[in-house]
Amino acid sequence: MSDAVATQYKPLIGHSISELESFAESLDEKPFRGRQLFDWIYRQQVDDFSKMTDLSKSLREKLSKVSTHPLKMLNREESLSKQTRKFLFEVSGGKMIESVLMKEGNRTTVCLSTQVGCAVDCDFCATAKMGFVKNLTAGEIVDQFLQLQKISDQKITNVVFMGMGEPFLNYKNSIAAADLLHHPRGINMGAWRVTISTAGVAHKIKQFSDEGHPYKLAVSLNGSTQNQRLKTMPITKVYSFSDLIKTSKDYAYHSRNRVTFEYVLLDGVNDDPQDAEKLNRLLNSIDCKLNVIPYNEIGGPYRRPPDIRIKAFLHPLKKASFPVTVRWSKGQDIDAGCGQLATHLEKVE
Ligand code: SF4
């Protein structure tokens, strides 16, 4: 294998079926060898070429020049409840990301990162404090799933793109990763089990809708008016609150998929029962679900509301025409709750 080919395809995880066919051809092999590689990597989830028994010995020897995994796992932590585990990975360039594995009954969900750091700068979020560092490749996104599936004692049933970063500011690679998770000849994760979450990059929601991607969409709303949202989410300056609501509504209408609005509840900021009343009116005509997330503190100025205020906020939502759920984030003892992911370490060479 020439060095140029080895560099182009290294590591193999992240390549689509057609790219692996081209890879096989560049090694003077038939394209079906690329399809076999796709099957081993994504469906059978085998990462050792010597175990890919239907590949010829000569091909396996050629493959020794490339690696499979783009990520190196550096650390893992487990919550006291043992239901949540957080993982630290090294990505190319020696930067770090975190991913979270959560168990709840028969459901095992992995929360994937799509960027190192984030440029969106939500005021309540630990990742925002890192600033934007870089986009992850599709391989770096999907490898979080593959490595965690390998060590999980249960099959991963759901994937959420809600870790570090804004998936729609790394749109192409996030969609390519979702397509690899969903591919019927590979991991074969049902599209309804893959949720992509955005802080509200409205033109990308429109693109996502126009392109007809089958994955579920979640939108971080976190406010009931333009001014209130602007206080914690500066992105509202660029994509106004009303635009976001309209784009989300259009998405739900055209895709016939229910949109999930996430609402991080912050003490004294957006937790007034009148905010809940406003949400009732605002979301009434949208095919949606509202997910209320009492804030996970990260040592900054924001607090989680006391239980009595959370209850008071939820009360008006009892008459909502859309489903409302409360997500009591798990794994706060290891900073693995929503909005708590951040890496502080650079690789020590
Ligand atoms: S909440 Fe999401 S979009 Fe906002 S800064 Fe954090 S990672 Fe970025």
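A crossing of two helices is left-handed if the near helix is turned anticlockwise from the far one by less than a right angle, and right-handed if clockwise. Helices (H or I, at least four residues) here are DSSP runs, numbered from the N terminus.

A word on the source: this is a predicted model, where local features need pLDDT of at least 70, side-chain atom pairs count only at pLDDT 80 or more, and totals for chains, interfaces and linings use all residues. Residues are numbered from 1 along each chain as its sequence is written.

**Helix pairs**

Two packed helices are described by the angle between their axes and the distance between the axes. Axes are lines fitted to C-alpha atoms, for helices over the stretch in contact, and angles run from 0 to 180 degrees between N-to-C directions.

| Pair | Angle | Axis distance |
|---|---|---|
| Helix 2 (17-26) and helix 3 (32-43) | about 130 degrees | 7 Å |
| Helix 5 (138-151) and helix 6 (171-182) | roughly 40 degrees | within 8 Å |
| Helix 7 (202-210) and helix 9 (241-255) | roughly 5 degrees | within 9 Å |

As for the wording, angles under 35 degrees count as roughly parallel, over 145 as roughly antiparallel, 65 to 115 as roughly perpendicular and the rest as oblique. With axes crossing at roughly 5 degrees, helix 7 is therefore roughly parallel to helix 9. At roughly 40 degrees, helix 5 is oblique to helix 6.

Who touches whom? Two residues are in contact if their C-beta atoms, placed from the backbone, lie within 7 Å. From helix 5, Ala138, Ile141, Val142 and Phe145 meet helix 6 at Asn173, Ser174, Ala176, Ala177, Leu180 and Leu181. That contact has eight nonpolar, two polar and no charged residues, where Ala, Val, Leu, Ile, Met, Phe, Trp, Tyr, Cys and Pro count as nonpolar, Asp, Glu, Lys and Arg as charged, and the others, Gly among them, as polar.

Helix 2 and helix 3 are oblique to each other as well, and their crossing is right-handed. Ile17, Leu20, Glu21, Phe23 and Ala24 of helix 2 make this contact with Arg33, Gly34, Arg35, Leu37 and Phe38 of helix 3.

**Domains**

Domain bounds come from an automatic or database domain assignment, which gives domain 1 (3-63) and domain 2 (72-334). Their centres, taken over C-alpha atoms, are 33 Å apart. Ten residues from domain 1 and 13 residues from domain 2 make up the contact. On the domain 1 side, helix 3 gives the most, with four residues. By class, that side has five nonpolar, three polar and two charged residues.

**Ligand**

Twelve residues sit around the ligand, and Cys118, Cys122, Cys125, Ala128 and Ala199 come nearest; a residue is near if its C-beta atom, placed from the backbone, lies within 6 Å. The shell divides into seven nonpolar, three polar and two charged residues.

Technical notes: Helix = DSSP H or I, 4+ residues; strand = E, 2+ residues; numbered from the N terminus.
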